[in-house]
Amino acid sequence: MNYGRRLLYTILSAAGMMIAITGICYKTGYFPGHSMASAYACLIIGGLITVLGLVSLFRS
C-alpha cells in the first residue's frame, strides 16, 4: 500500500475544501471586496478539486 500517494490525495481533498470554503466566504461577504464571479469560481474549482481527490483516494 502506498501511503505517500494516499497522503497526497488527502491533502488535495483538503485543499479543495479550503478553496470551496473561501468561495463561500466571498459569497456571504465575510471577505469583502470580491465579485460574485470570483466567489462562484472558487466554489466550482474547490468542489472539483475535492471530488477529484476523494475519487482518487477511494481508488488507491
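This is a predicted model: local features need pLDDT of at least 70, side-chain atom pairs count only at pLDDT 80 or more; totals for chains, interfaces and linings use all residues.
Author: Residues are numbered from 1 along each chain as its sequence is written, and side-chain values use heavy atoms, without hydrogens and water.

Reader: Why are α1 and α2 called roughly antiparallel?

Author: The axes of helix α1 (residues 3-28) and α2 cross at roughly 160° and come within 7 Å. Angles run from 0 to 180 degrees between N-to-C directions, and those over 145 count as roughly antiparallel. The two helices α1 and α2 are therefore roughly antiparallel to each other. Their crossing is left-handed, a term for a near helix turned anticlockwise from the far one by less than a right angle.

Reader: What makes A20 buried?

Author: A20, in helix α1, has a relative accessible area of 16%. Buried means under 20%, exposed over 50%, and partly exposed in between (1.4 Å probe, protein chains only), so A20 is buried.

Reader: Why does A14 count as partly exposed?

Author: A14 also belongs to helix α1. Its relative accessibility is 43%, so A14 counts as partly exposed. The C-alpha atoms of A14 and G53 are separated by 8.5 Å, although these residues are 39 apart along the chain.

Reader: How do you know that I44 is exposed?

Author: I44 lies in helix α2 (residues 36-59). With a relative accessible area of 56%, I44 is therefore exposed.

Terms used:
Helices (H or I, at least four residues) and strands (E, at least two) are DSSP runs, numbered from the N terminus. Angles under 35 degrees count as roughly parallel, over 145 as roughly antiparallel, 65 to 115 as roughly perpendicular and the rest as oblique.
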